[in-house]
Amino acid sequence: MTTISSPLRATAPAPPPPSPTRPRRARRGTPRQWLRDGGLSTLVIALPMILVFGVFSWFPIGRALVMSVQETNLVTAPVFVGLDNFVFVLQDPLLGKAVRNTLWFALLALVFGYPLPLAAAVLMSEVRKMRGLFSALAYLPVVVPPVVAVLLWKFFYDASDTGVFNTIAGWVGLGPYPWLQDATSAMPSLVLEATWAAAGGTVIIYLAALVGVRTELYEAAEVDGAGVWRKIWHVTLPQLRGVLFITLILQVIGTAQVFLEPFLFTGGGPNNATLTVLMLIYDYAFGSSLGGNYGAATALSLMLAGVLAVLSAVYFRVTRPWSS
Amino acid sequence: MKSAQKRAAIALVGVLSVAVTLTACGSSEEPAAEPTGPVTIEVAIDAGLEPEAISAFEERILQFEEVNPDIQVATKEFTWSGTTFAAELAGGTLPDVFPIPFTDGRALIEREQIADISELVAELPYADQFNPTIAEAGQDTDGGMWAVPISAYNQGLHYNRALFEEAGLDPDNPPATWDEVREAAKVIADKTGQAGYAHMTQSNTGGWILTTETYALGGRVVEGEGEEATATVDNDATAQALEMLREMRWEDNSMGASFLYDWSTINQDFAAGKIGMYVSGGANYPNLFTQNQMNPDEYGVTVLPLEGDDAGTLGGGTLAAVSSAASEAEQAAAVKWIDFYYISKLTDQEAAVAEAEIAARTDQPVGAPALPIFDQATYEQQQSWIKDLVNVPLENFAPMTEQMFDQPVIPEPSVATQEVYAALDPVVQAVLTDEDADIDALLADAQTQVQGLLDRS
Amino acid sequence: MAANTRTPALARRRATRPERPERGIVSSHDRRRPSVRGSLGVLQGGLLVTLVVVGLGPILWLAKAAVTPTQETLRDPLGLFPTGIDWANLATAWTRAEIDHYFVNTLIIAVGAWFFQILVATTGGYVLSVLRPRYGNVIFGLVLATLFVPSVVLLVPLYLTILDLPIVHVSLLNTFWAVWLPMGASAFNVLLVKRFFDGLPREIFEAARVDGAGPFRLLWSIVLPMSRPILGVVSVFAVIAAWKDYLWPLLVLPDPAHQPLSVRLPAIAPYLELDVFLAALAISTVLPIALFLAFQRLFLSGAGLGGAVKG
């Protein structure tokens with residue numbers, strides 16, 4: 001984000017500590033004193049943040065905690081039901097399936113979306129000319145609106161032998177494949193599209209990190225007679241460890257909440273093979289025309305959030321040394 | 001500051017809505033005999049209509065306003081959808097008059113989430129002439145009609161006449177048994193390369209069609225009503241239907257390559273000539289014709305083959321309901337609109353002809369058969385009024401119309417209908433996408449799940 | 001809302017990165033060796049071809065299919081050139097499929113979401129960084145805490161909040177407010193802007209105060225003009241995020257008259273002829289791609305991280 005930092009760095013090489021000449025306004029005083037110090041104006045300026053966060057973030061978060069122990073429909077007053085919602089969710093045979101599917105999605109996403117961007121980034125970092133073109137091409141799919149990408153790929157995935165991908169497969173004597181129309185191949189098909197849509201971003205992250213690799217180590221390795229592969233293995237990758245770990249966690253957090261692809265590609269089918277946790281939450285809450293099981297939906301989302309919070313905490317721990 | 005304006009705007013919206021709510025609450029007293037002063041109602045118009053259909057609708061509104069000078073009619077795009085209906089109901093964003101499927105009527109009435117218009121409906125001249133099985137969908141337990149049936153369908157076997165001919169089959173002589181369905185599907189798939197028989201599987205439609213097939217083979221997925229409803233998903237007829245699907249899919253390979261169809265996508269592929277036969281509501285024709293531009297000459301429909309004791313055709317339909325937020329005057333106006341727009345074209349010669357003329361002029365289908373909501377005589381009389389305006393190939397409907405009145409119509413499961421269907425979707429998907437699917441095990445699981453759904457509701 | 005998947009930390013890290021090094025993994029000595037040079041060239045050439053096919057290919061295919069008649073797309077989906085270009089597809093999609101209407105809705109949503117994100121982030125960052133009232137730390141803590149709450153937790157309770165706002169009891173369903181306001185509650189934006197303000201020289205603020213500038217004037221005339229770069233970043237990503245959003249507008253805008261392209265495209269797909277549908281998809285892709293080409297450096301400098309992981 002050099003665009004942000006350049007003016008900042010130009011005008012303020014080091015952010016100065018709060019000026020000692022600045023009057024301390026945080027004084028215990030009368031309301032009149034508060035007013036004279038501009039307390040009201042401050043409050044007015046803070047109001048958009050307080051209102052928007054209050055109503056659309058803090059309040060719903062609190063409400064989630066309450067709703068998870070209530071039976072809430074839109075007709076009658078909410079009733080306290082203790083942990084019934086959690087029990088209901090944990091006893092739902094679909095939960096196990098959704099968790100397994102979500103993990104499967106995450107695993108496949110790692111298999112497809114982890115090594116390839118890394119290899120591409122390493123290769124691109126060695127490009128002397130037209131690096132911008134390389135990155136732009138890699139990033140282009142990220143810019144395509146996700147819904148458009150899914151609908152387009154849904155057409156590509158047409159399972160008849162005249163489908164786009166099946167035609168291509170036919171050129172080399174393969175297929176036709178059922179793609180989305182089969183319980184086994186549906187999930188990999190979703191992940192393939194999701195990887196296509198997201199890999200460009202990962203490439204850009206790796207590229208940025210590769211720039212920061214300490215080059216004197218390459219020279220040291222060369223003195224030891226290391227070839228290209230050994231340099232990558234012993235110098236490049238170890239230095240990328242931090243960023244590799246971060247993309248790993250980010251990817252897991254992202255894939256744990258996957259919704260768009262299964263919802264639009266397969267509706268969770270065939271035979272629930274692509275039903276993910278977030279889709280199950282959606283089904284609980286919005287699957288019935290006569291009012292959803294909002295308690296169960298919130299209970300499940302809190303459980304998912306618990307898992308993600310652990311990951312987020314790990315993530316923030318790892319990144320903190322850099323941000324302070 | 002801009003933000004101040006925005007906040008003021010929010011506050012203003014708030015005040016207005018509160019005012020509206022207060023008005024709505026304040027007027028829930030005895031029904032006034034006649035609405036005093038002009039009243040405006042918002043009525044549902046199907047989403048995604050072609051401009052011609054919209055202008056036809058607007059023409060009807062003008063006619064209505066001429067007869068009822070006190071009533072102003074505004075339109076609001078609304079197509080019932082399972083995922084958003086509950087929210088629109090709770091959020092109060094429904095129009096004053098809106099259609100709902102038969103399957104939701106009972107539950108909405110029980111919870112009083114739609115307006116009680118039964119006294120207003122009782123005054124309509126045809127109030128006691130509804131086909132009793134159909135009227136039930138919109139009645140409370142005492143027989144008061146809260147929601148008016150406006151159309152009904154029975155399931156039918158739709159087929160593509162062009163594909164039949166291409167495959168060397170006689171389109172005037174469609175399959176009459178399920179064995180013949182299977183044979184025809186195989187011939188179509190072998191000769192034309194298209195799907196011989198396709199099946200909906202998504203968004204509760206898989207369960208809907210599986211239930212239809214179960215009924216046609218003499219089974220039921222739920223027995224009993226209300227508190228006593230028990231799941232009977234694990235029955236021979238359902239197993240037989242699934243076995244038939246398995247054979248067509250995996251032995252005959254006659255079901256094509258797409259197994260994630262819902263109602264609109266299967267219609268799209270059928271209209272595009274990719275499907276030989278499929279089961280769906282008998283009243284699909286307008287959708288195929290207006291929204292999917294199917295060539296009418298290629299369209300054919302027949303009744304479902306019924307086999308076994310107790311076999312029947314699944315039937316359902318649409319009710320017109322009035323928003324519970326509507327004031328007395330708005331309710332009265334809403335019932336007048338329902339009478340004018342939805343019903344009079346079925347019971348009144350002048351209205352029937354007027355409606356048909358507009359439809360014919362704007363290239364909407366006229367004369368496509370549907371299940372009568374009154375008796376067969378009323379229906380046939382109505383068809384005779386408009387017979388000069390009919391613009392659909394009636395002879396293509398003959399296999400259906402010549403037999404449909406002889407078939408028993410069985411209503412959909414009355415409790416948690418959509419949830420039961422949803423639970424059956426994966427069963428159909430499993431059979432169609434997994435060669436080794438264990439039908440007995442699938443049905444046993446679904447049985448437990450459906451019973452759980454029934455117990456909870 | 002998926003703020004936890006974004007990484008202020010990474011962005012900061014790159015802010016302090018060294019200039020691009022003179023060399024990479026392959027030393028300049030190695031580069032002079034024909035075998036290394038050759039295989040590197042082959043690998044990079046292969047990568048370029050792959051990127052063109054995989055990255056650009058589907059988009060070019062869409063562009064072609066948008067002006068190709070349906071039957072031709074079906075018969076020969078991979079034909080390189082259409083036999084006849086059918087510009088009418090685009091016009092039909094624009095008018096008959098009412099893409100114009102949904103395009104405008106998408107713009108309205110994007111602009112409104114942009115406005116509220118900027119409003120909340122600048123005023124919030126300003127209060128927390130410059131004005132620093134006593135309650136500031138509490139609020140900052142609460143804002144930061146929301147970073148740890150994944151958006152999935154908010155889905156249902158926020159939806160019910162939209163149906164019935166606390167205190168005023170108004171439903172925002174089927175209004176653009178239902179999309180605009182929740183998007184304003186982005187802790188990531190507040191954090192980003194606050195950090196930027198933290199780095200601005202205090203002396204200028206003091207000088208302005210001595211000259212009698214009140215807090216509003218200070219914000220409007222001094223702080224905001226100095227913050228163009230950060231506002232640019234927040235703006236571009238606010239617009240992109242609004243353009244991409246699907247599940248939330250799907251829930252809170254059930255009325256088709258208010259829906260953006262992302263929600264409308266899947267719904268109208270079954271009713272459109274294939275060529276018109278593909279034209280509609282192409283139209284929806286044009287603006288994001290134009291934004292990308294215009295602000296390429298911004299995206300590729302790593303700020304696009306938010307889009308890298310979907311959440």
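Student: Leaving aside its neighbours within four places in sequence, which residues is Ile281(A) in contact with?

Tutor: In this predicted model, local features need pLDDT of at least 70 and side-chain atom pairs count only at pLDDT 80 or more, while totals for chains, interfaces and linings use all residues. Residues are numbered from 1 along each chain as its sequence is written, and chains are lettered from A and ligands numbered from 1 in the order in which they are written. Ile281(A) is in contact with Ala297(A), Leu300(A) and Ser301(A), and also with Val152(C) and Leu155(C). These pairs are called contacts because their C-beta atoms, placed from the backbone, lie within 7 Å.

Student: What makes a set of residues a nonpolar core, and how many residues has the largest one here?

Tutor: A nonpolar core is a set of buried Ala, Val, Leu, Ile, Met, Phe, Trp, Tyr and Cys residues joined through C-beta atoms within 7 Å. A residue is buried if 20 or more other C-beta atoms lie within 10 Å of its own, exposed if 12 or fewer, and partly exposed in between. The largest such core has 315 residues, and those with the most contacts inside it are Ile281(A), Trp337(B) and Ala280(C). Helix α10 (residues 186-211) of chain A gives the most to this core, 17 residues; helices (H or I, at least four residues) and strands (E, at least two) are DSSP runs, numbered from the N terminus.

Student: Why is this core said to lie between domain 1 and domain 2 of chain A?

Tutor: Domain 1 (28-67) and domain 2 (84-323) of chain A both give residues to the core, so it lies between them. The domain bounds come from an automatic or database domain assignment. Apart from this core lies another, of eight residues, including Ala53(B) and Ile358(B).

Student: Why is strand β3 of chain B called mostly covered?

Tutor: Four of the five residues of β3(B) (residues 97-101) are buried.

Student: How do you know that β3(B) pairs with strand β10 of chain B?

Tutor: Pairing requires at least two bridges found by DSSP. Five bridges join β3(B) to β10(B) (residues 313-322), and the two run antiparallel; therefore they meet the definition of a pair. Pro99(B) stands opposite Ala320(B) in β10(B).

Student: What classes of residue make up the side of chain C that touches chain A?

Tutor: The contact takes 113 residues from chain C and 106 residues from chain A. The side of chain C has 77 nonpolar, 23 polar and 13 charged residues. Ala, Val, Leu, Ile, Met, Phe, Trp, Tyr, Cys and Pro count as nonpolar, Asp, Glu, Lys and Arg as charged, and the others, Gly among them, as polar.

Technical notes:
Two residues are in contact if their C-beta atoms, placed from the backbone, lie within 7 Å.
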